[in-house]
Amino acid sequence: MTRPFDLKSRLVSRREVLSLAAGLSAGAALGIAPARSQTAAAKPVLMRPIPRSGESLAVVGLGTAIVFDIGNDAAKRAERRSVIRTLLEGGARVIDTAPSYGTAESAVGDLLADMKARERAFVATKVRVAGRERAIAEMRQSQARLRTEQFDLMQIHNVGFADRKEVATQLSLLREWKSRGVFRYLGVTHSQAQEQANERLIEIMKSEHLDFIQINYSMAERSVERRLLSAASGSGTAVLVNLPFARGRLFGAVRGKPLPGWAAEFDAATWAQFFLKYLLASEAVNCVLPGTDKPEYMVDNLNAGRTRLPDAAMRKKMVELIDSLS
């Protein structure tokens, strides 16, 4: 399977797939020709409740790693502003970022402030496993960069191989800040494609009262289906999904190939929708977080949550197809 390693390769891969599929232009391949756009936009994005609170979130959000690390580039900031506007106007809210994503936190904070849209967004960021004082300093830095005193979700970043005691200590700190109203929810993340990391999250969910976990899940990385997703459901923990396109590997696998005709049975109009609908068909998944740098891609992603999802038999067929292309 093709593995684009840099940002340019990953984005070109999606563009090429969209433009090559069935000989369509990029816009048509996205499924956003005028008639289709109006039909999809008339349907709301699927909402799912956060188990701990019952608050509903749209099942498609926005990841900011790499694509929002844009510094002060005016043209890129204008484009990312359009991405955020498309997300919010489409009925979705979740924007996920982190201090380790370069200038992404600052870009998100500046754009939301300029748009006067902070209250419309569900802002999630992260703190790395570190000593108490370092963690406090990092969270305060995130407040400054995101231009907000309050976050919706704070997550401990990449706990898959972190020291258990340090994670417990960090969660205690997060609970202190949550009790003070600095953030409403807390959770942990991992982005590794390893069963050991999944098992660590299961351990943490058993011993800690988490609101969210964020996991590496895609049609190319399905290890979370063995135990982790059911453990999250059983413990009442909401699930966010990072890397839903497997860092672009999935687009590389289908490059130059048209969607199968049977994808219409669950309303997948593009390969991106095909990949996202597979994930959203799991009711354990609350929200997928594809990194998105263009508003037309945001429309495409949102449309994955507006129409029918595949059933178990269809998901098996989807897996067989993608595995055959690996």
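Colleague: Two strands count as paired if DSSP finds at least two bridges between them, and with that settled, in which sense and over how many bridges do E7 and E8 pair?

Modeller: E7 and E8 run in the parallel sense and pair over three bridges, and within that pairing Thr189 stands opposite Gln214 in E8. Helices (H or I, at least four residues) and strands (E, at least two) are DSSP runs numbered from the N terminus. Please keep in mind that this is a predicted model, in which local features need pLDDT of at least 70 and side-chain atom pairs count only at pLDDT 80 or more, while totals for chains, interfaces and linings use all residues. Residues are numbered from 1 along each chain as its sequence is written, and side-chain values use heavy atoms, with hydrogens and water left out.

Colleague: Which strands make up the sheet, and in what order?

Modeller: Eight strands form an open sheet with parallel pairing, in the order E3-E4-E5-E6-E7-E8-E9-E10. Strand E3 (62–63) and strand E10 (287–288) stand at the edges with a single partner strand each, so one side of each has no neighbour in the sheet.

Colleague: And which strands does helix H6 touch?

Modeller: Helix H6, residues 132–146, packs on the sheet and touches E5, E6 and E7, and its direction makes about 150° with that of E5. For that angle, axes are lines fitted to C-alpha atoms, for helices over the stretch in contact, and angles run from 0 to 180 degrees between N-to-C directions.

Colleague: Switching to the inside, which residues touch the most other members of the largest nonpolar core?

Modeller: That core has 86 residues, and Ile213, Ile215, Phe274 and Phe275 touch the most other members. Helix H11 (residues 271–280) gives the most to this core, namely eight residues. By nonpolar core I mean a set of buried Ala, Val, Leu, Ile, Met, Phe, Trp, Tyr and Cys residues joined through side-chain atoms within 4.5 Å. Buried means under 20% relative accessible area, exposed over 50% and partly exposed in between, with a 1.4 Å probe and protein chains only.

Colleague: What is Ile213 in contact with, beyond its neighbours within four places in sequence?

Modeller: With those neighbours left aside, Ile213 is in contact (heavy atoms within 4.5 Å) with Val188, Leu201, Met205, Leu228, Ala232, Thr237, Ala238, Val239 and Leu240. There is also a second, separate core of twelve residues, which includes Leu57, Val94, Tyr185 and Leu240.

Colleague: How many salt bridges does the structure hold?

Modeller: The structure holds 21 of them, a salt bridge being a side-chain nitrogen of Lys or Arg within 4 Å of a carboxyl oxygen of Asp or Glu. In one of them Arg184 meets Glu55, with the closest N and O atoms 2.9 Å apart. Arg184 lies in strand E7 (183–189) and Glu55 in the loop between strand E1 (47–49) and strand E2 (56–58), so this pair ties together parts that are 129 residues apart in sequence.

Colleague: Are those two buried or partly exposed?

Modeller: Arg184 is partly exposed at 36% relative accessibility, whereas Glu55 is buried at 19%. Both residues also belong to a network of salt bridges that links Glu55, Arg93, Arg118, Asp152 and Arg184.

Colleague: Where does Asp152 come in, and what is its partner?

Modeller: Asp152 forms a salt bridge with Arg118, the closest N and O atoms being 3.3 Å apart. Asp152 is in strand E6 and Arg118 in the loop between H5 and E5, so the pair ties together parts that are 34 residues apart in sequence. Asp152 and Arg118 are both buried.

Colleague: New topic: where is Asp300, and is it buried or exposed?

Modeller: Asp300 is in helix H12 (residues 295–304) and counts as buried, at 0% relative accessibility. Its side chain makes a polar contact of 2.9 Å with that of Thr270 and another of 2.8 Å with that of Gln273. A polar contact is a pair of N or O atoms within 3.5 Å; within protein, one must be able to donate a hydrogen and the other to accept it, and residues adjacent in sequence count only if both atoms are side-chain atoms.

Colleague: Last one, about the backbone: what is the phi of Lys116, and where is that residue found?

Modeller: Lys116 has a positive phi of about 55° although it is not a glycine, and it is found in the loop between helix H5 (104–115) and strand E5 (122–128). Lys116 counts as exposed, at 74% relative accessibility. Asn158 also has a positive phi, of about 50°, without being a glycine, and it lies in the loop between strand E6 (151–157) and helix H7 (164–179).

Note on methods:
Two strands pair if DSSP finds at least two bridges between them.
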